[in-house]
Amino acid sequence: MIIVIKDYKMNLQIHHYFAFIGLIFGVLILWVTPPFQSPDETNHYHRSAHIAQGHLMGEVLDGNRLGGEIDGSLLKYTSHFDSIRKSEDPRFDAADYTWARGLRKTGKLFVDFANVGYYSPTVYFPQVVGQALSQLLRLTPYQSLYFTRLLSLLSWLTLITLAIRIIPIQKILICFLALLPSSLSLASMVSGDTFTSSLCFLWIALLLRMILTKHRISLKEYIIICLIIVFITLNKLVYFPLVFMILLVPNDRLKKSVLMKSILLCITGVTLLLWMPYSKSLFIPYSEYSHLFRDSQQLNPPVNPDAQLSWILSHPYSFAQVALISYLESAPSTIAHYIGKYGWEKNYLHPIIIAILGLVGGFLSISRAENAPKLNVTQRLSFIVISLVMIIGLSVSLYLQWSPVGNDRILSLSGRYFFPIIPLLLIAASFINIENQRRIKLLSLGLSIVGLISLIIAIYSRWY
């Protein structure tokens, strides 16, 4: 589409529209959503504040608590809004915000963040920048939350915009998926998933450019992709199989191709092997956590990861059956969660909005621009296999963290965990050539805006 302003023509591409729409609605979402109403935002906020003070990992206290020392006003702030969230009819009014604006820093105390204290600090890179600048600028706790949300959103928008600009195929699909209400809602909060998801989008875009175009990889770009996959592996181990996309890059795109690919695979493998046991060593299960604090943390009482892993290894076929049944039973809610979920609890957009957005996403996944590079059978199958391996890894991870040993279902199958997986899976599905891409672009952008307007209305109706 070309916009004419006097005698100046500005050729706007799909990534420009994404950045504009994402910024406008992202700011509205982060502003209208009450504090600490998105998944684990309380603990993510505490953890990022702790890292901003120079502590890379959570600290174990008395052998039965995991957290760190932060200013007591932050705990007071989160506790007030968490208590409203847990009430029978959570509503927020001007008095809550007036009280929050009046909060001032007090003194440090130990605060628990048991379910995120063992995450890599790289998970929180944008949020830590926001918290550090908040401390430097002497912002109040109320101001620091919204400032940190804004930095998180801007980081996500920047990386996704870059991914859409770089990717040689399915630009409209990637734009549409990133602008889904649940996706933008999460990106506008203080979340441990935002930075990781945007890095996965960027990785997929960079690798597809290497695979499908004549683009030659410079040393600088090689170093960048090494850093990206290391961050992805540290942030969320289940997404490390994305590294195998490098095997599909033609050898003439990279000097000393076999060596460079081997180095990248080894770096990822070493990161995985070193980080996994260290991170696991910091996790404290519910049964061993302090009785005074464990019920306020996101820990499931009967969970025992070590015993659960032993059960999986000794009952692989039973676990496969558990996983299959869990996915089949939870499919409607997982899809709804992926498309139209916002906040904690069962907050979803209207089913009609979710259905329309789902149908459009399905159509975009099977269609492609007629003049765009085409995937061959090997590439399609490889993307499907990589996606399935990530889904298997996610299934094991969730089973270890949330389900009792040998449970007949995998608990907490949330759509947000599939944000980095679905794009690659859908890209492999495209097979219908669509000549008029302009109409497709207008349709997808228009429905994205409709979905986001519905989200703003739903948030306001839900909490005010």
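Contact here means heavy atoms within 4.5 Å. With that in hand, I looked up the chain: residues 24 or more positions apart account for 80% of its contacts with a separation of 6 or more.

A note on the source: this is a predicted model, where local features need pLDDT of at least 70, side-chain atom pairs count only at pLDDT 80 or more, and totals for chains, interfaces and linings use all residues. Residues are numbered from 1 along each chain as its sequence is written, and side-chain values use heavy atoms, with hydrogens and water left out.

**Whole chain.** I found 17 helices and 7 strands (DSSP runs numbered from the N terminus, H or I of at least four residues for helices, E of at least two for strands). The C-alpha atoms fill a box of roughly 60 × 60 × 45 Å along the principal axes. Of the 464 residues, 56% count as buried, meaning under 20% relative accessible area with a 1.4 Å probe, protein chains only.

Next I looked up α3 (residues 72-85) and α4 (residues 94-101), whose axes come within 10 Å and cross at roughly 170° (axes are lines fitted to C-alpha atoms over the stretch in contact, and angles run from 0 to 180 degrees between N-to-C directions). That makes α3 roughly antiparallel to α4, a label for angles over 145 degrees.

Which residues meet here? I listed K76, Y77, H80, F81 and I84 in α3, which meet D96, W99 and A100 in α4. By class, this contact has 5 nonpolar, 1 polar and 2 charged residues (Ala, Val, Leu, Ile, Met, Phe, Trp, Tyr, Cys and Pro are nonpolar, Asp, Glu, Lys and Arg charged, the others polar).

Methods:
Parallel < 35°, antiparallel > 145°, perpendicular 65-115°, else oblique. Buried < 20%, exposed > 50% of the residue type's maximum accessible area, 1.4 Å probe, protein only.
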